[in-house]
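Me: Hi, could you walk me through a structure I've just opened? I have a handful of quick questions.

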Amino acid sequence: MNSIKRFFKENGLFLLLIVGMVLLRLFVFTPFEVDGPSMNYTLAHGDQLFGANIFKVDRFDIVILDSPTEEGKQYIKRVIGLPGDTISSQDDVIYINDEPLSETYLSEETLQNNTNTIDFAPLTIPEGEYFVMGDNRNHSFDSTEFGPIPEESINAEILFRFWPLDTFGTVDETD
């Protein structure tokens, strides 16, 4: 019995740290790897990210969501429309409640390459649902094709990029 007490006395802080990290990973943070070009040039294929499981969904948040069409697959998209918004697109301009959407988070390169945003008629987003889009509109399977998604499909909000190291840091709605 003395050896067990001694082990915990000598290693207790380390064990507590490990347990704390496991609990944070299980209940607070989600790792995610970007797969594909849908968020270019904000996020690139292969970027390694951490998202928070505890969050409030706001416009322009970058989120991880369950695919509405493929069981077990997740997507990374930007929240564009909130419950109650009326959203439409015409001539490569997104409109929210009849006002053109200022997409200041898109880089100049993205704006130059996003020339094929699918035009769609006004759609009012139901309560408890969100309209999501990839930043690389030419190569994104998103709400323009599968419609608004239920809030419970959103698993995490992206907060931090840890790989590649040259882009290490926070990821927020203005990135």
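Me: What should I know before we start?

Reply: This is a predicted model, where local features need pLDDT of at least 70, side-chain atom pairs count only at pLDDT 80 or more, and totals for chains, interfaces and linings use all residues. Residues are numbered from 1 along each chain as its sequence is written, and side-chain values use heavy atoms, with hydrogens and water left out.

Me: Why would they alternate?

Reply: In a regular strand the side chains alternate between the two faces of the sheet.

Me: And what does strand 6 pair with?

Reply: Strand 5 (residues 86–90) pairs with strand 6 in the antiparallel sense over four bridges, and Ile87 stands opposite Ile96. On strand 7 (residues 99–100), two bridges make an antiparallel link to strand 6, with Tyr95 opposite Pro100. Pairing requires that DSSP finds at least two bridges between the two strands.

Me: What about the turns?

Reply: Strands 5 and 6 form a hairpin with two residues between them, and Asp91 in that turn has a positive phi of about 50°. Strands 6 and 7 also form a hairpin with two residues between them, where Asn97 has a positive phi of about 50°.

Me: What's the strand order in that sheet?

Reply: It is an open sheet of four strands in the order 7-6-5-8, with antiparallel pairing. Strand 7 and strand 8 (120–124) are the edges, each pairing on one side only.

Me: Switching to strand 9: why call it largely enclosed?

Reply: Because four of its five residues are buried, strand 9 is largely enclosed by the rest of the structure. Strand 4 (residues 74–81) runs antiparallel to strand 9, joined by three bridges, and Val79 stands opposite Val132. Strand 10 (residues 149–150) pairs with strand 9 over two bridges, again antiparallel, with Tyr130 opposite Ile149.

Me: Then there's Asp142. Buried or exposed?

Reply: Asp142 counts as buried because its relative accessibility is 1%. Asp142 sits in the loop between strand 9 (129–133) and helix 3 (143–146).

Me: Which side chains does it make polar contacts with?

Reply: The Asp142 side chain has a polar contact of 3.0 Å with that of Ser140 and one of 2.5 Å with that of Thr144. A polar contact is a pair of N or O atoms within 3.5 Å; within protein, one must be able to donate a hydrogen and the other to accept it, and residues adjacent in sequence count only if both atoms are side-chain atoms.

Me: Thanks! Last one: how exposed is Trp163?

Reply: Trp163 is partly exposed, at a relative accessible area of 47%, and lies in strand 11 (residues 154–163).

Technical notes
Buried means under 20% relative accessible area, exposed over 50%, partly exposed in between (1.4 Å probe, protein chains only).
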